[in-house]
Amino acid sequence: MKRRVQLAAIVVSYNVRDLLRRSLCSLMQAAAHGVDSFDLQVVVVDNASCDGSAEMTASEFPQVRLLASRENLGFTRANNLALRELGFSTAVALPTAHPIQRRAPAAHPVNAPERDVAPANARPDYVLLLNPDAEVIDDALPRLVNFLEQTPHAAACGAELRYGDGSFQHSAFRFPGVLQVLFDLFPPLGVPGGHRLLNSRLNGRYPAAWWSRGEPFPVDFVLGAAMMVRGAAIDAVGGLDEGYWMYCEEMDWCRRFWRSGWSVYALPGARVIHHEAQSSRQRRWDAQVQLWRSRFRFYAKYRKDFPPGALTAIRLLVRARMAGEARRLEARFAAGELDGVELAKALAALEAISRSAASPMQGSSRSDDI
């Protein structure tokens, strides 16, 4: 008898109860589109929310496996907690090859033998990472599952993200370089054609036209807001790197997939509404510090992949931007547009980012030096 695919969805939540409810409702509804082909189990990790998120999940979604943490574990540790609960080892494995290999791994043949029907709540074939501010639309789940079933060399695929108003949202990117950092820190919005530059390949974006074609296409990495990962690929490279508290962890994961011979794809048509950054907005400046710490960790970990002088240029760009932002905020304070408490928080964050940028970009251990 042909097996039923086992799918697990992990949702890590922090103080976004109403969005979490909508996200879980969307998962339950979307699962109905694949009821004949896969079994779905959902794991919610609540990161010590104080808005009743855990209580809501337990009372309104009894079929969901709830892991209520007493502390905020961050995005990466919380997802790894759920992965271990699902039966995966999350120990980070070193890549088998330094160059990024865009090829199918021989260990996963196309004509793999069928297996017997798996029981519900079995170790999943695929795992969906889904943000609590994301809502799965229509047949997105079976589209993602079917693609991975038919593409055995793909470690992961990402959904087509849309903002709450339905407009297009970039959800797949190239690995970052100096130009992407430059555009991020100094966006050319006042320059003729600046908007096109921001959405171009120079800034690591894939053309919106590629999404419009409706065909899957290989990418460097996809956002973890709605990312489906093959269980065998997790076995091959391990879980998310907990050196990232949040941000850049999915970029690092995809880098490790590529280095181990897998591929990563974007999947147009598998639509997910993403309300974006609802948890991190609650602590804006802390989130900015964490974002840049994660980026610096990524640059350091893969510094051998950057051309000579690139990381020095990135450090200088970041410090210049932080200094300019500090001057702008101080001017707003002098004009009465910003209170002293907010200014102090902002300046402390900018100083923390600048200190991180001033430090040599070195991996924290031999396992980071890849």
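Residues are numbered from 1 along each chain as its sequence is written, and side-chain values use heavy atoms, with hydrogens and water left out. Because the model is predicted, local features need pLDDT of at least 70 and side-chain atom pairs count only at pLDDT 80 or more, while totals for chains, interfaces and linings use all residues.

The protein has 12 helices and 11 strands. Both are DSSP runs numbered from the N terminus, helices being H or I of at least four residues and strands E of at least two. Of the 370 residues, 52% are buried; buried means under 20% relative accessible area, exposed means over 50%, and partly exposed lies in between (1.4 Å probe, protein chains only). The protein exposes about 16900 Å², of which carbon and sulfur atoms supply 52%. Such areas come from the Shrake-Rupley method with a 1.4 Å probe, and for residues only the protein chains shown count as cover. Contact means heavy atoms within 4.5 Å. Among contacts between residues at least 6 apart in sequence, 81% join residues at least 24 apart.

Helix H3 covers residues 74-85. Its 12 residues should span 16 Å at 1.5 Å a residue, and the end C-alpha atoms are 17 Å apart, which agrees; the expected span of a helix is 1.5 Å times one less than its number of residues. The buried residues of H3 are Gly 74, Phe 75, Thr 76, Ala 78, Asn 79, Asn 80, Ala 82 and Leu 83. After H3 comes Gly 87, with a positive phi near 105 degrees.

Asn 15 has a phi near 55 degrees and sits in the loop between E1 and helix H1 (17-31). Its relative accessibility is 16%, so Asn 15 counts as buried. Ala 48, with a phi near 60 degrees, is placed in the loop between E2 and helix H2 (53-60). Ala 48 counts as partly exposed because its relative accessibility is 28%.

Side chains of opposite charge can pair when their charged atoms come close. A salt bridge here is a side-chain nitrogen of Lys or Arg within 4 Å of a carboxyl oxygen of Asp or Glu, and by this rule there are 23 salt bridges. In one of them, the closest N and O atoms of Asp 235 and Arg 123 are 2.4 Å apart. Asp 235 lies in helix H8 and Arg 123 in the loop between H3 and E4, so the pair ties together parts that are 112 residues apart in sequence. Both partners are partly exposed: Asp 235 has a relative accessible area of 45%, and Arg 123 has one of 40%.

Another salt bridge joins Lys 301 and Asp 241, at 2.7 Å from N to O. This pair also links distant parts of the chain, with Lys 301 in helix H10 (residues 284-301) and Asp 241 in the loop between H8 and H9, 60 residues apart. Lys 301 and Asp 241 are both buried, the relative accessibility of Asp 241 being 7%. The two residues belong to a network of salt bridges that links Asp 241, Asp 252, Arg 256, Arg 297 and Lys 301.

Helix H9 also contains Arg 255, paired with Asp 305 in the loop between H10 and helix H11 (310-334), 50 residues apart. Arg 255 is buried at 7% relative accessibility, whereas Asp 305, at 34%, is partly exposed.

Helix H12 takes up residues 340-358. At 1.5 Å a residue its 19 residues should span 27 Å, and the end C-alpha atoms are 26 Å apart, which agrees. At the start of H12, a side-chain oxygen of Asp 339 comes within 3.1 Å of the backbone nitrogen of Val 341. The buried residues of H12 are Leu 343, Ala 346, Ala 349, Leu 350, Ala 352, Ile 353, Ser 354 and Ala 357. These buried residues pack against H10 and H11.

Methods:
A polar contact is a pair of N or O atoms within 3.5 Å; within protein, one must be able to donate a hydrogen and the other to accept it, and residues adjacent in sequence count only if both atoms are side-chain atoms.
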